[in-house]
Amino acid sequence: DGGRGFDRARIAQLQSATSRTDATQRALWPNNYTFTKHVTEHVVRHYCAVPHAIVRLGIVSPVCKGPHLGWFMGNGGFVFLVIGIATGNIKYLRGDGRGRPDFVPVDYTCDTICGVTAATLLRGGSSSSDSDGTIYQCGVIANDPVFDVRSSVQHAKPIFLGLNLPYVQRNAGIHFIENKFLFFAIEFLLYELPLWLLSLVSCVASTLCSWYWWVKLYYHVLDLPYDIDFLSTSSKKKNSELTLSGQIRSLQLILFDKPYAFVKRVRFMQRARDKLNWFNANYTYFVNQRWCFTHDNVKALYATLDETSQRKYNFDVNSIEFNKYACDAALVCFKKYIGYRDTKKQSQTRYEEELRK
């Protein structure tokens, strides 16, 4: 009808139609993202004339079984949260810690889609199409009524600390702040304000950084010896190997290197803070959400498979130990971060050694 009939009142009515029988469900769709996906499902079910099914995905998480347990691609919120908490860079999260994000391992997701596709194709050969448009909720959280973010962090913390992993802070942990204004006050006083003051100092220090490169270039062009590790007790060069002028040159470079290192550190902290602000803006809602969609259709479908198919396409939600899976995946994620940091350190060391030659 050209959009007629979809005024503000009608849209509000549609947005409130979440569940008329379950008092534990939300009275309204929480945002346009979830609401428009709901509308799209109805459009597909109304207009699609071929056998079809709809697979709803939770928050796709790393592989949960097999030799590639913990595998993931990219650097999503899960990766950022694990690294941030373990390294002590994320100490506060907005919420009460009782959020139950409906995650779903990526291999479980693929196996579910394969199973749903096969069932839909087989159903297409039957004379009845009453079950067309069946919705399969591909998530796992409904199977564990006590799992939440706080319990998952508490489960993983002693395991991380017991392994003595590099870069893990001994005081690593997370505090949940329920009050919105208190959370932003803490963020401002502990992070935003100090970083702003450091950035002012960094602007002044950056004026000295250019001297570091020009002086080093000058020494290289004239082949004048120096040692930027001159004051380090672990330096391979002995002080006696350098002439007095060489020692002076070394001290000059060390002096100019300090503001350069400070500016680099401040800029790194600014980039890290930008990422944390991005995380707070995009993932706070999901970390605290309490959706609970039934996945009875997925469980029923899995029960119809024979033993061979169940082994090959294993999307049995009952086989997932939630806290163990979350911790194992987090360990794989953090070990990947350790490899990244170690590789970066080695590259920096080789670069500095080349400069000393």
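Figure 1. Among contacts in the chain (heavy atoms within 4.5 Å) between residues at least 6 apart in sequence, 78% join residues at least 24 apart. The model is predicted, so that local features need pLDDT of at least 70 and side-chain atom pairs count only at pLDDT 80 or more, whereas totals for chains, interfaces and linings use all residues. Residues are numbered from 1 along each chain as its sequence is written, and side-chain values rest on heavy atoms, with hydrogens and water left out. The chain holds ten helices and six strands, where helices (H or I, at least four residues) and strands (E, at least two) are DSSP runs numbered from the N terminus. Of its 357 residues, 35% count as buried; buried stands for under 20% relative accessible area, exposed for over 50%, and partly exposed for values in between, with a 1.4 Å probe and protein chains only. The chain exposes about 22,200 Å², of which carbon and sulfur atoms supply 60%, the accessible areas coming from the Shrake-Rupley method with a 1.4 Å probe and, for residues, with only the protein chains shown counting as cover.

Figure 2. Side chains of opposite charge can pair when their charged atoms come close. The structure holds seven salt bridges, a salt bridge being a side-chain nitrogen of Lys or Arg within 4 Å of a carboxyl oxygen of Asp or Glu. One of them joins arginine 273 to glutamate 187, with the closest N and O atoms 2.5 Å apart. Because arginine 273 lies in helix H7 (residues 244-288) and glutamate 187 in helix H6, this pair ties together parts that are 86 residues apart in sequence. Arginine 273 also meets glutamate 192 in a salt bridge, at 3.0 Å from N to O. Here glutamate 192 lies in helix H6 and arginine 273 in helix H7, so the pair ties together parts that are 81 residues apart in sequence. Arginine 273 counts as buried at 6% relative accessibility, and glutamate 187 is likewise buried, with a relative accessible area of 5%, whereas glutamate 192 counts as partly exposed at 29%.

**Figure 3. A nonpolar surface patch that includes phenylalanine 188.** Phe188, Leu189, Leu190, Leu193, Trp196, Leu197 and Leu200 make a nonpolar surface patch of about 680 Å². Patches are made of residues with over 30% relative accessible area and no salt bridge, in which like charges are joined within 9 Å and nonpolar side chains (Val, Leu, Ile, Met, Phe, Trp, Tyr) within 5 Å. Phenylalanine 188 lies in helix H6, which spans residues 180-221, and is partly exposed, with a relative accessible area of 43%.

Figure 4. The side chains of lysine 324 and aspartate 328 meet in a salt bridge, with 2.8 Å from N to O. Because these two residues are four residues apart in helix H10 (residues 322-356), lysine 324 and aspartate 328 are separated by about one helical turn. Lysine 324 is partly exposed, with a relative accessible area of 44%, and aspartate 328 also counts as partly exposed, at 21% relative accessibility. Elsewhere, Lys65, Asp107 and Asp111 are linked in a network of salt bridges.

Figure 5. Serine 152 has its place in helix H5 (residues 149-162) and counts as buried, at 15% relative accessibility. When residues up to four places away in sequence are not counted, serine 152 touches Phe147, Asn323 and Ala326. Asparagine 164 is found in the loop between H5 and strand S6 (175-177), where its phi is near 55°, a positive value in a residue other than glycine. Tyrosine 167, which has its place in the loop between H5 and S6, has a positive phi of about 75° although it is not a glycine. Asparagine 164 is exposed, with a relative accessible area of 58%, whereas tyrosine 167 is buried, with a relative accessible area of 18%.

**Figure 6. The two faces of helix H8.** In helix H8 (residues 296-304), the buried residues are Val298, Leu301 and Tyr302. They cover an arc of only 100° around the axis, which puts them on the same side of H8; the arc is that of the directions from the helix axis to the C-beta atoms. Exposed residues Asp296, Ala303 and Thr304 are carried on the face of H8 turned away from its buried side.
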